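Hi everyone, thanks for coming. Let's walk through a structure together, one piece after another. Have a look at the screen before I start.

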Amino acid sequence: MRSILTTEAMGAADRFAIESGRSGEALMEAAGAGAADAIRARWAPRPTAVLCGPGNNGGDGFVVARRLAEAGWPVTVFAMKPADALAGDAAAAAAKWSGVTRPLGDAAPDEYGLVVDALFGAGLSRPLEDDAARLADEVGRSAAAVVAIDVPSGIHGDRARADGAAFRADLTATFHQFKPAHVLEPGASACGEIVLVDIGVPDGWRDSVEIAAELNDPGLWTASGLALDRATHKHRRGRLCVLSGPGGATGAARLAAQAGLSAGAGFVTLLCPGSALLEAAAASLAVVTRKLPKDAAFGDVLGDHRADAAVLGPGAGVDETTQERALSALASGVPLVLDADALTVFADASHVFFSALREDCVLTPHAGEFERLFPGLSQGSLDKIEAARRAAAECGAVIVFKGPDTVIAAPDGRVRVNTHASPRLASAGTGDVLAGMIGAFIAQGAGAFDAASAAVWIHGDAGRRMRPGETAGDLLRRLPESLAALAARVRRQAALDRLMRGRP
């Protein structure tokens, strides 16, 4: 499992490593050596400027400079402080550097083919100033490749954004575990490619630190429906109901329903207002369409259909009827996925909504919907991880805060961040597909948090398989490919586990 650490937790992990027998100097040597190896694996030798700050990040930079020079690279160090003004492990690293060292103010990025930013890293909590700010701008306008050590200087390691000038890297070498800035936007984009270097922190460090989140990965959950019992049948595979919008607005719900089938639900019913029944029935092949009784409570309708889960919101309409149906469904006890209109309709009645929610419900807001439900929570000093965590605790349901850095948060404080996705998902209808997938996994028996995590990852994987010009309908056709690839991955891991258990 790869965790995402706060900068405070990273410091605690370093302290634990030192207390467990690894010196700070050894950790710095491992960090700089790993970063240098990553550079050499991607670029041929070229004139290189290493910008070294006054602390441990600068110490890492001195190790990088020495390792590259030993490999035959022409390297010049530009330091914020002279070597004799450094302290601790950084001073020890600088003492081993025998090459050229010049003041940071002398650096001219246009004279170099590669610039290593080892100024501040993740721990900086103030804007860049003076030569550091100037160089962030000049390096960005130069033709030089840029490598950041830990985090591009100027990007806050926890908040994943800059308060002023900041470096943008082609490659970021970080150590031990990821930081929020590596997975949350806009920090992640500033990092470029990210390499995680193992610096040998001993096992046991987790016991004394608080982890910000986990990086969403199939090792954390089991996707429902990948392996089937020969005796199974459609009703044992889960019954999913999806609320349709009115006539002329059925497309979003049809996408969600079809996604529910593709994600393994055995029986999917599209519940349609009378005005939408013929339209939905004519367009849906495998999905069962049923007319909503005009005066029946929606929760009772779900009970009549023996729903194991339901999806409400895609194309439902922002009106009193949608609100009433959502509250009725919540009162029924059926696990729900609430998306789109079923969220917006409660923008002015969040207290009513939150009091009705349960921990087996999943809310899937994009940034605008999140702000309407939780005003100000994502706009202040909180990073997206902490905003989602607080939102889940406040409303008592699982939150899927969508975006290129989708954050999945449970009411009990667990958080996962998903980066396994594609910009091609930024098109109409793909969120409806995600809602249907989450509903399908819940209907098959998965808990809400794991169902959301699995659906987000598989949805992202299908997005990575999309070709230019493809849309949400094509995304549906990519889902079987992603599910098959995941099933093959699970089989390989199971075979490897059996092999390892058989070894003496």
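**A walk through the model**

Let's begin with T174, which lies in strand 7 (residues 171–175). Before going on, please remember that this is a predicted model: local features need pLDDT of at least 70, side-chain atom pairs count only at pLDDT 80 or more, and totals for chains, interfaces and linings use all residues. Residues are numbered from 1 along each chain as its sequence is written, and side-chain values use heavy atoms, with hydrogens and water left out. When I say helix (H or I, at least four residues) or strand (E, at least two), I mean a DSSP run, numbered from the N terminus.

So, is T174 buried or exposed? T174 has a relative accessible area of 0%, so it is buried. Buried means under 20% relative accessible area, exposed means over 50%, and partly exposed is in between, with a 1.4 Å probe and protein chains only. Which residues does T174 touch, leaving aside neighbours within four places in sequence? They are D150, K179, H182, I194, V195, L196 and V197, where contact means heavy atoms within 4.5 Å.

Strand 2 (residues 48–52) is another enclosed piece. Five of its five residues are buried, so strand 2 is largely enclosed by the rest of the structure. T48, V50 and C52 point one way from the strand, while A49 and L51 point the other way. Strand 2 runs parallel to strand 3 (residues 75–79), with five bridges joining them; two strands pair if DSSP finds at least two bridges between them. Across that pairing, L51 stands opposite F78.

Next, the helices. The axes of helix 3 (residues 56–70) and helix 4 (residues 88–95) come within 8 Å and cross at roughly 20°. Axes are lines fitted to C-alpha atoms, for helices over the stretch in contact, and angles run from 0 to 180 degrees between N-to-C directions. Helix 3 and helix 4 are therefore roughly parallel; that label is for angles under 35 degrees, with over 145 roughly antiparallel, 65 to 115 roughly perpendicular and the rest oblique. On the helix 3 side, N56, G59, F62 and V63 meet D89, A90, A93 and A94 in helix 4.

Helix 2 (residues 24–42) also meets helix 4: their axes come within 9 Å and cross at roughly 55°. That makes helix 2 oblique to helix 4.

Finally, some backbone details. Most residues other than glycine have a negative phi, and most peptide bonds are trans. A160, in the loop between strand 6 (145–149) and strand 7, has a positive phi near 65°. A160 is buried, at 0% relative accessibility. R306 has a positive phi too, near 50°, but R306 counts as exposed at 56% relative accessibility. Where is the cis peptide bond? It joins E185 and P186, with omega about 5°.
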